[in-house]
Amino acid sequence: MGNDSRGGELRIHAFADGAAYARQIARALGVPFAPVKLHRFPDGESLVRVAPQAGRHAVLVRTLSDPNSKILDTLFAADALRRAGASRVSLVAPYLAYMRQDKVFHPGEPISQRVVGKLLGEAFDAVLTMEPHLHRVKNLAEVIPCEASTVAVAPAVARWVKRAAKGCVVVGPDAESWRFVEAIARAAGAEWIVGEKTRYGDRRVKIVFARTPAAKRAVIVDDIASSGVTLAEAVRELRRHRIVNVDAVVVHAVFAPGALAMVRRAGARRIVSCDTISHPTNAIKTASLFAEALRRVR
Ligand code: R5P
């Protein structure tokens, strides 16, 4: 069990903060799990330690929320796994931060997406992630120069919509969300609309819906909730269109402090998320989707 035609026996690795999710992947594949140990020195530097690899395909599972503190340790782990003898080192990053800064929005800014992508592409042979906000590129390998690909989460979200929000209109808060919204709505057999969003700052957006849908209940779907203003404004705008029964589903529940309460205050009924980032709103499981993707490359 667990032999990988492209890199020896598969073994799943994770830091302590992601062990529960990684163990789900290991269990689904029937392969071993091994922890990555992390030591913090008094000066703030870190040291990672991994077990001997003996030619294995090492898969590190690490969600890259809170990225500034996590990315460096993730790169150290990739290096450690290779030096410990792994023949192939892959990263499963259920959430991959910095993917939204995908162009120079204002003069003087970097394209952070490309900087992070280059670091990961050099460290790993393969990277798998979910809904990484690829609105201006065709595929993830353009951003992360290795065997990088995305795992579809729309079918899992559609199953939730079909089961828990029958007869709703599926709503995308902005034009960039339309592919995701359409995939979910088609799979759920629902009507769908997208809004026009203008962002005036980190915590200020305006959303306009050109038409009022026929349905009397709505589910807003989005790739990420960060400050929460997109969800809150979409809820308020739908309520202005007399749709009072509004749920929200996001893939990545970043939810900055106060964000969830703000979306609730705006009038959202249920707020649920996929479990790519551990959060009280988690209701849609995703580990098995990564296990399935890893099974296909074995
Ligand atoms: C933007 O294009 C994304 O799809 C999300 O709508 C956005 O990043 C959510 O951020 P916030 O919660 O801060 O409005």
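R62 lies over the face of F15, 3.9 Å from the ring centre. This is a predicted model, and its protein is divided into domain 1 (10-152 + 285-296) and domain 2 (154-275). The points below cover the domains, the nonpolar cores, the ligand surroundings and the aromatic rings.

**Domains**
- Domain 1 is made of two stretches, 10-152 and 285-296, whereas domain 2 is given as 154-275.
- The centres of domain 1 and domain 2, taken over C-alpha atoms, are separated by 28 Å.
- Contact between the two involves 14 residues of domain 1 and 13 residues of domain 2.

**Nonpolar cores**
- The largest nonpolar core has 46 residues, and I12, I25 and V157 touch the most other members.
- At least three residues of this core come from domain 1 (10-152 + 285-296), and at least three from domain 2 (154-275).

**Ligand surroundings**
- There are 15 residues around the ligand, and those that come nearest are R100, D222, D223, S227 and T230.
- R100 places a polar side-chain atom 2.7 Å from an oxygen atom of the ligand.
- E176 also has a polar side-chain atom facing this analysis, at 3.5 Å from an oxygen atom of the ligand.
- For S226 the atom concerned is a backbone N or O atom, which lies 2.8 Å from an oxygen atom of the ligand.

**Aromatic rings**
- The count of aromatic pairs is zero, where a pair needs ring centres within 6.5 Å.
- The ring of F15 does have R62 over its face, at 3.9 Å from the ring centre.

Terms used: Residues numbered from 1 in each chain as written. Predicted model: local features only at pLDDT ≥ 70, side-chain atom pairs only at ≥ 80, totals over all residues. Heavy atoms only, no water. Phe/Tyr/Trp six-rings, centres within 6.5 Å; stacked < 30°, edge-to-face > 60°. Lys NZ or Arg CZ within 6 Å of the ring centre and 35° of its normal. Core = buried A, V, L, I, M, F, W, Y, C linked by side-chain atoms within 4.5 Å. Buried < 20%, exposed > 50% of the residue type's maximum accessible area, 1.4 Å probe, protein only. Domains from an automatic or database assignment. Near = heavy atom within 4 Å. Polar contact = N/O pair within 3.5 Å; in protein donor to acceptor, adjacent residues only side chain to side chain. Contact = heavy atoms within 4.5 Å.
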